[in-house]
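I opened my notebook to log what I looked up in this structure. The entries follow.

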Amino acid sequence: MSEQPILVTGATGKLGRLVVERLVALGRPVRVFTRRPEAAHTLFGQTVQVAAGDFGDRTSLESAVCGVGRLLLLSPISARLVTVQIAVADAAAAANVARIVKISGSDWTIEPPGNSISGAAHAAVERHLESLPMETVSLRPNAWMQVSLANTIRHAITSSQLFAANLDAGIGYIDARDIADVAVHQLLADRLRDRTLNLTGPDVVSFRQIASLIAAALKRPVAALEKPPQSVPEDGDFEHRAVAQFARLIAAGHAATTTDVVPTLLGRSPRTVTTFILEQVAPAAAVPEYQI
Ligand SMILES: NC(=O)c1ccc[n+]([C@@H]2O[C@H](COP(=O)([O-])OP(=O)(O)OC[C@H]3O[C@@H](n4cnc5c(N)ncnc54)[C@H](OP(=O)(O)O)[C@@H]3O)[C@@H](O)[C@H]2O)c1
(Lines give C-alpha, C1' and ligand atoms only; values in the text may rest on other atoms or scores of the structure.)
Protein backbone atom coordinates (compact mmCIF):
# COMPACT_ATOMS: atom_id res chain seq x y z
CA MET A 1 0.00 0.00 0.00
CA SER A 2 1.36 3.48 -0.80
CA GLU A 3 2.18 5.85 2.05
CA GLN A 4 -0.71 8.02 3.22
CA PRO A 5 -0.26 11.75 2.57
CA ILE A 6 0.30 14.30 5.33
CA LEU A 7 -2.25 17.12 5.10
CA VAL A 8 -0.99 20.66 5.83
CA THR A 9 -3.48 23.48 6.44
CA GLY A 10 -2.20 27.05 6.23
CA ALA A 11 0.33 25.57 3.79
CA THR A 12 0.81 28.71 1.70
CA GLY A 13 1.46 30.90 4.77
CA LYS A 14 4.70 31.89 6.51
CA LEU A 15 5.16 28.72 8.57
CA GLY A 16 3.10 26.20 6.60
CA ARG A 17 5.23 26.56 3.49
CA LEU A 18 8.38 25.77 5.49
CA VAL A 19 6.76 22.58 6.78
CA VAL A 20 5.66 21.55 3.27
CA GLU A 21 9.12 22.20 1.80
CA ARG A 22 10.75 20.03 4.48
CA LEU A 23 8.32 17.13 4.05
CA VAL A 24 8.75 17.23 0.26
CA ALA A 25 12.54 17.30 0.64
CA LEU A 26 12.24 14.14 2.77
CA GLY A 27 10.24 12.48 0.00
CA ARG A 28 6.98 12.36 2.00
CA PRO A 29 3.67 12.59 0.17
CA VAL A 30 2.03 15.92 1.08
CA ARG A 31 -1.44 17.32 0.48
CA VAL A 32 -2.01 21.06 0.99
CA PHE A 33 -5.36 22.66 1.81
CA THR A 34 -5.79 26.08 0.23
CA ARG A 35 -8.30 28.52 -1.21
CA ARG A 36 -5.67 29.35 -3.85
CA PRO A 37 -4.60 26.23 -5.79
CA GLU A 38 -2.59 28.33 -8.29
CA ALA A 39 -0.58 29.87 -5.45
CA ALA A 40 0.13 26.38 -4.11
CA HIS A 41 1.28 25.20 -7.55
CA THR A 42 3.51 28.28 -7.88
CA LEU A 43 5.07 27.57 -4.48
CA PHE A 44 5.39 23.81 -4.64
CA GLY A 45 5.14 22.88 -8.34
CA GLN A 46 3.74 19.41 -8.89
CA THR A 47 5.45 18.01 -5.78
CA VAL A 48 2.27 18.12 -3.64
CA GLN A 49 -1.36 17.16 -3.94
CA VAL A 50 -3.56 20.26 -3.82
CA ALA A 51 -6.89 20.09 -2.01
CA ALA A 52 -8.79 23.23 -2.95
CA GLY A 53 -11.16 24.40 -0.24
CA ASP A 54 -12.09 26.84 2.48
CA PHE A 55 -12.20 26.28 6.25
CA GLY A 56 -15.85 27.36 6.14
CA ASP A 57 -16.76 24.72 3.54
CA ARG A 58 -17.29 21.40 5.31
CA THR A 59 -17.49 19.38 2.10
CA SER A 60 -14.06 20.60 1.00
CA LEU A 61 -12.63 19.72 4.44
CA GLU A 62 -14.10 16.20 4.33
CA SER A 63 -12.63 15.67 0.89
CA ALA A 64 -9.21 17.06 1.96
CA VAL A 65 -8.83 14.70 4.96
CA CYS A 66 -9.89 11.59 3.02
CA GLY A 67 -7.05 9.03 3.07
CA VAL A 68 -4.73 11.26 5.09
CA GLY A 69 -2.41 9.71 7.72
CA ARG A 70 -1.32 12.77 9.72
CA LEU A 71 -2.32 16.45 9.85
CA LEU A 72 -0.51 19.73 10.49
CA LEU A 73 -3.23 22.03 11.85
CA LEU A 74 -2.55 25.74 11.34
CA SER A 75 -4.89 28.66 10.74
CA PRO A 76 -4.45 32.41 11.09
CA ILE A 77 -5.40 34.40 14.20
CA SER A 78 -9.07 35.31 13.82
CA ALA A 79 -12.33 35.38 15.71
CA ARG A 80 -13.11 32.11 13.89
CA LEU A 81 -9.95 30.24 14.94
CA VAL A 82 -11.75 27.94 17.40
CA THR A 83 -14.60 27.11 15.00
CA VAL A 84 -12.22 26.58 12.09
CA GLN A 85 -9.70 24.41 13.89
CA ILE A 86 -12.33 22.26 15.62
CA ALA A 87 -14.04 21.71 12.24
CA VAL A 88 -10.74 20.57 10.69
CA ALA A 89 -9.92 18.34 13.68
CA ASP A 90 -13.38 16.74 13.73
CA ALA A 91 -13.24 16.07 10.00
CA ALA A 92 -9.83 14.46 10.53
CA ALA A 93 -11.11 12.32 13.42
CA ALA A 94 -14.09 11.16 11.33
CA ALA A 95 -11.66 10.16 8.55
CA ASN A 96 -9.51 8.16 11.05
CA VAL A 97 -6.49 10.44 10.67
CA ALA A 98 -3.99 9.03 13.18
CA ARG A 99 -2.25 12.19 14.43
CA ILE A 100 -2.69 15.96 14.60
CA VAL A 101 0.21 18.36 15.17
CA LYS A 102 -1.26 21.76 15.99
CA ILE A 103 0.50 25.11 15.75
CA SER A 104 -0.78 26.77 18.90
CA GLY A 105 -0.23 30.15 20.54
CA SER A 106 2.85 31.18 22.53
CA ASP A 107 2.80 29.60 25.99
CA TRP A 108 2.68 33.05 27.66
CA THR A 109 -0.56 33.86 25.81
CA ILE A 110 -2.14 30.67 27.18
CA GLU A 111 -0.72 30.44 30.73
CA PRO A 112 -1.95 31.94 32.95
CA PRO A 113 -5.39 32.21 31.34
CA GLY A 114 -7.18 35.55 31.02
CA ASN A 115 -4.46 37.66 29.37
CA SER A 116 -4.99 37.00 25.67
CA ILE A 117 -8.00 36.39 23.43
CA SER A 118 -5.69 34.60 21.00
CA GLY A 119 -4.26 32.39 23.75
CA ALA A 120 -7.78 31.58 24.99
CA ALA A 121 -8.78 30.52 21.47
CA HIS A 122 -5.75 28.26 21.07
CA ALA A 123 -6.35 26.81 24.57
CA ALA A 124 -9.93 25.92 23.63
CA VAL A 125 -8.68 24.06 20.55
CA GLU A 126 -5.99 22.28 22.59
CA ARG A 127 -8.65 21.04 25.04
CA HIS A 128 -10.78 19.80 22.16
CA LEU A 129 -7.85 17.94 20.62
CA GLU A 130 -7.24 16.15 23.93
CA SER A 131 -10.81 14.80 23.77
CA LEU A 132 -10.29 13.19 20.34
CA PRO A 133 -9.44 9.48 19.87
CA MET A 134 -6.11 10.11 18.15
CA GLU A 135 -2.56 11.22 18.93
CA THR A 136 -2.33 15.01 19.21
CA VAL A 137 0.38 17.47 20.15
CA SER A 138 0.17 21.26 20.38
CA LEU A 139 3.31 23.24 19.60
CA ARG A 140 3.43 26.55 21.51
CA PRO A 141 6.13 28.65 19.82
CA ASN A 142 7.39 31.86 21.41
CA ALA A 143 7.33 34.98 19.17
CA TRP A 144 8.69 34.22 15.68
CA MET A 145 11.77 36.05 14.41
CA GLN A 146 10.25 36.19 10.91
CA VAL A 147 7.27 38.29 12.10
CA SER A 148 7.83 40.94 14.79
CA LEU A 149 11.64 40.86 14.83
CA ALA A 150 11.80 41.09 11.02
CA ASN A 151 9.54 44.18 11.18
CA THR A 152 11.73 45.73 13.87
CA ILE A 153 14.86 45.13 11.77
CA ARG A 154 13.28 46.58 8.59
CA HIS A 155 12.25 49.70 10.52
CA ALA A 156 15.70 50.09 12.06
CA ILE A 157 17.37 49.75 8.64
CA THR A 158 15.32 52.60 7.16
CA SER A 159 15.05 54.90 10.20
CA SER A 160 18.09 53.97 12.36
CA GLN A 161 15.62 53.83 15.24
CA LEU A 162 14.06 51.05 17.29
CA PHE A 163 10.97 51.74 19.41
CA ALA A 164 9.69 49.58 22.27
CA ALA A 165 7.39 50.16 25.23
CA ASN A 166 10.01 48.61 27.52
CA LEU A 167 13.52 48.51 26.10
CA ASP A 168 14.63 46.08 28.79
CA ALA A 169 11.85 43.56 28.18
CA GLY A 170 13.31 40.37 26.75
CA ILE A 171 11.95 37.84 24.26
CA GLY A 172 12.99 34.24 23.72
CA TYR A 173 12.42 34.64 19.97
CA ILE A 174 12.29 31.48 17.88
CA ASP A 175 13.19 31.16 14.21
CA ALA A 176 10.22 29.84 12.18
CA ARG A 177 12.62 27.39 10.49
CA ASP A 178 13.12 25.73 13.89
CA ILE A 179 9.36 25.57 14.47
CA ALA A 180 9.01 23.90 11.07
CA ASP A 181 11.79 21.43 11.93
CA VAL A 182 10.03 20.50 15.19
CA ALA A 183 6.65 20.23 13.42
CA VAL A 184 8.16 17.82 10.88
CA HIS A 185 9.81 15.86 13.69
CA GLN A 186 6.47 15.49 15.46
CA LEU A 187 4.63 14.60 12.25
CA LEU A 188 7.10 11.82 11.45
CA ALA A 189 8.02 10.50 14.92
CA ASP A 190 7.03 6.89 15.63
CA ARG A 191 5.06 8.06 18.65
CA LEU A 192 4.34 11.26 20.54
CA ARG A 193 5.58 11.77 24.09
CA ASP A 194 3.96 15.10 24.95
CA ARG A 195 0.58 16.84 24.63
CA THR A 196 2.13 20.32 24.48
CA LEU A 197 5.62 21.53 23.61
CA ASN A 198 6.79 25.03 24.53
CA LEU A 199 9.25 26.09 21.80
CA THR A 200 11.73 28.97 22.16
CA GLY A 201 15.01 30.14 20.75
CA PRO A 202 18.26 29.69 22.71
CA ASP A 203 18.42 33.14 24.37
CA VAL A 204 16.33 35.91 25.85
CA VAL A 205 17.25 39.15 24.07
CA SER A 206 16.02 42.60 25.11
CA PHE A 207 15.00 45.35 22.68
CA ARG A 208 18.02 47.36 23.83
CA GLN A 209 20.29 44.42 22.94
CA ILE A 210 18.51 44.00 19.60
CA ALA A 211 19.22 47.66 18.75
CA SER A 212 22.92 47.06 19.51
CA LEU A 213 23.00 43.88 17.41
CA ILE A 214 21.37 45.65 14.44
CA ALA A 215 23.75 48.60 14.82
CA ALA A 216 26.74 46.24 14.83
CA ALA A 217 25.45 44.45 11.73
CA LEU A 218 24.76 47.74 9.93
CA LYS A 219 28.01 49.33 11.17
CA ARG A 220 26.11 52.51 12.09
CA PRO A 221 24.20 53.66 15.20
CA VAL A 222 20.61 52.58 15.88
CA ALA A 223 18.80 54.61 18.57
CA ALA A 224 16.78 52.56 21.09
CA LEU A 225 13.75 54.69 22.09
CA GLU A 226 10.87 54.09 24.48
CA LYS A 227 7.31 54.59 23.25
CA PRO A 228 4.06 54.63 25.27
CA PRO A 229 2.53 51.19 25.93
CA GLN A 230 0.11 50.10 23.21
CA SER A 231 -3.56 50.44 24.21
CA VAL A 232 -5.89 47.54 23.44
CA PRO A 233 -8.64 48.87 21.12
CA GLU A 234 -11.97 47.86 22.70
CA ASP A 235 -13.80 48.15 19.39
CA GLY A 236 -10.96 46.81 17.20
CA ASP A 237 -11.21 43.55 15.30
CA PHE A 238 -10.00 40.32 16.88
CA GLU A 239 -6.53 40.38 15.30
CA HIS A 240 -5.80 44.00 16.29
CA ARG A 241 -6.89 43.38 19.88
CA ALA A 242 -4.86 40.16 20.01
CA VAL A 243 -1.71 41.87 18.69
CA ALA A 244 -2.10 44.78 21.15
CA GLN A 245 -2.38 42.25 24.00
CA PHE A 246 0.81 40.50 22.78
CA ALA A 247 2.65 43.85 22.87
CA ARG A 248 1.53 44.51 26.45
CA LEU A 249 2.48 41.01 27.61
CA ILE A 250 5.89 41.29 25.95
CA ALA A 251 6.49 44.71 27.54
CA ALA A 252 5.66 43.17 30.92
CA GLY A 253 8.35 40.52 30.36
CA HIS A 254 6.09 37.47 29.80
CA ALA A 255 7.92 36.38 26.60
CA ALA A 256 11.32 36.33 28.33
CA THR A 257 11.53 32.56 28.52
CA THR A 258 13.62 29.78 27.04
CA THR A 259 13.16 26.02 27.07
CA ASP A 260 15.38 23.14 25.94
CA VAL A 261 12.66 21.53 23.80
CA VAL A 262 14.23 22.35 20.41
CA PRO A 263 17.72 20.98 21.22
CA THR A 264 16.24 17.96 23.01
CA LEU A 265 14.09 16.97 20.05
CA LEU A 266 16.37 17.99 17.19
CA GLY A 267 19.78 17.30 18.75
CA ARG A 268 21.11 20.72 17.82
CA SER A 269 20.85 24.30 19.09
CA PRO A 270 18.05 26.56 17.86
CA ARG A 271 18.97 29.41 15.49
CA THR A 272 19.96 32.65 17.25
CA VAL A 273 18.69 36.22 17.03
CA THR A 274 22.24 37.33 16.16
CA THR A 275 22.36 35.06 13.11
CA PHE A 276 18.87 36.12 12.03
CA ILE A 277 19.78 39.81 12.27
CA LEU A 278 22.96 39.25 10.23
CA GLU A 279 20.94 37.42 7.53
CA GLN A 280 18.36 40.22 7.36
CA VAL A 281 20.83 43.08 7.51
CA ALA A 282 23.45 41.77 5.07
CA PRO A 283 21.82 43.22 1.90
CA ALA A 284 21.12 46.61 3.57
CA ALA A 285 24.57 46.83 5.16
CA ALA A 286 26.11 46.92 1.68
CA VAL A 287 24.18 50.15 0.87
CA PRO A 288 25.67 53.48 2.10
CA GLU A 289 23.44 55.27 4.64
CA TYR A 290 22.78 58.28 2.36
CA GLN A 291 21.08 55.97 -0.17
CA ILE A 292 18.63 54.42 2.38
N1 LIG B 1 3.77 35.05 14.57
C2 LIG B 1 4.02 34.60 15.79
O3 LIG B 1 4.91 35.13 16.51
C4 LIG B 1 3.21 33.42 16.32
C5 LIG B 1 3.54 32.91 17.58
C6 LIG B 1 2.81 31.82 18.07
C7 LIG B 1 1.80 31.26 17.31
N8 LIG B 1 1.48 31.79 16.09
C9 LIG B 1 0.35 31.20 15.35
O10 LIG B 1 0.68 30.93 13.99
C11 LIG B 1 -0.52 30.95 13.22
C12 LIG B 1 -0.30 31.80 11.99
O13 LIG B 1 0.67 31.18 11.15
P14 LIG B 1 1.24 31.93 9.86
O15 LIG B 1 1.70 33.30 10.27
O16 LIG B 1 2.18 31.02 9.18
O17 LIG B 1 -0.08 32.11 9.01
P18 LIG B 1 -0.26 33.02 7.70
O19 LIG B 1 1.07 33.30 7.06
O20 LIG B 1 -1.15 34.16 8.05
O21 LIG B 1 -1.01 32.02 6.73
C22 LIG B 1 -2.37 31.85 6.73
C23 LIG B 1 -2.67 30.54 6.00
O24 LIG B 1 -4.02 30.18 6.30
C25 LIG B 1 -4.69 29.86 5.09
N26 LIG B 1 -6.09 30.27 5.21
C27 LIG B 1 -6.54 31.47 5.68
N28 LIG B 1 -7.90 31.49 5.63
C29 LIG B 1 -8.28 30.31 5.09
C30 LIG B 1 -9.55 29.74 4.79
N31 LIG B 1 -10.70 30.40 5.03
N32 LIG B 1 -9.58 28.49 4.28
C33 LIG B 1 -8.43 27.80 4.04
N34 LIG B 1 -7.19 28.29 4.31
C35 LIG B 1 -7.13 29.53 4.83
C36 LIG B 1 -3.99 30.62 3.99
O37 LIG B 1 -4.10 29.82 2.80
P38 LIG B 1 -4.68 30.36 1.40
O39 LIG B 1 -4.64 31.86 1.40
O40 LIG B 1 -3.74 29.74 0.39
O41 LIG B 1 -6.06 29.79 1.32
C42 LIG B 1 -2.54 30.64 4.49
O43 LIG B 1 -1.85 29.50 4.03
C44 LIG B 1 -1.62 31.51 14.11
O45 LIG B 1 -2.46 30.46 14.56
C46 LIG B 1 -0.84 32.13 15.26
O47 LIG B 1 -1.58 32.16 16.48
C48 LIG B 1 2.17 32.85 15.58
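**Ligand**

Which atom of the ligand is 2.8 Å from an N or O atom in the side chain of His 122? I found an oxygen atom of the ligand at that distance from His 122. I keep in mind that this is a predicted model.

Next I looked at Thr 34. One of its polar side-chain atoms lies 2.6 Å from a ligand oxygen atom. For Asp 54, I noted a polar side-chain atom 3.2 Å from a nitrogen atom of the ligand. I then checked how far the protein covers the ligand. Taken alone, the ligand exposes 930 Å². The protein buries 85% of that area.

I also listed the surroundings.

**Helices H6 and H10**

Which residues make the contact? From H6, I wrote down Ile 117, Ser 118 and Ala 121. From H10, I wrote down Phe 238, Arg 241, Ala 242, Gln 245 and Phe 246. By class, the residues of this contact are five nonpolar, two polar and one charged.

**Backbone checks**

I looked at the peptide bond from Glu 111 to Pro 112. This bond is cis, with omega near -10 degrees. Pro 112 sits in the loop between helix H5 (107–110) and H6.

Last, I checked Asn 96. Its phi is positive, about 60 degrees, although Asn 96 is not a glycine. I placed Asn 96 in the loop between helix H4 (81–94) and strand E5 (99–103).

Conventions
Residues numbered from 1 in each chain as written. Predicted model: local features only at pLDDT ≥ 70, side-chain atom pairs only at ≥ 80, totals over all residues. Heavy atoms only, no water. Polar contact = N/O pair within 3.5 Å; in protein donor to acceptor, adjacent residues only side chain to side chain. Areas by Shrake-Rupley, 256 points an atom, 1.4 Å probe, with all protein chains shown as cover. Contact = heavy atoms within 4.5 Å. Helix = DSSP H or I, 4+ residues; strand = E, 2+ residues; numbered from the N terminus. Nonpolar A, V, L, I, M, F, W, Y, C, P; charged D, E, K, R; others polar.
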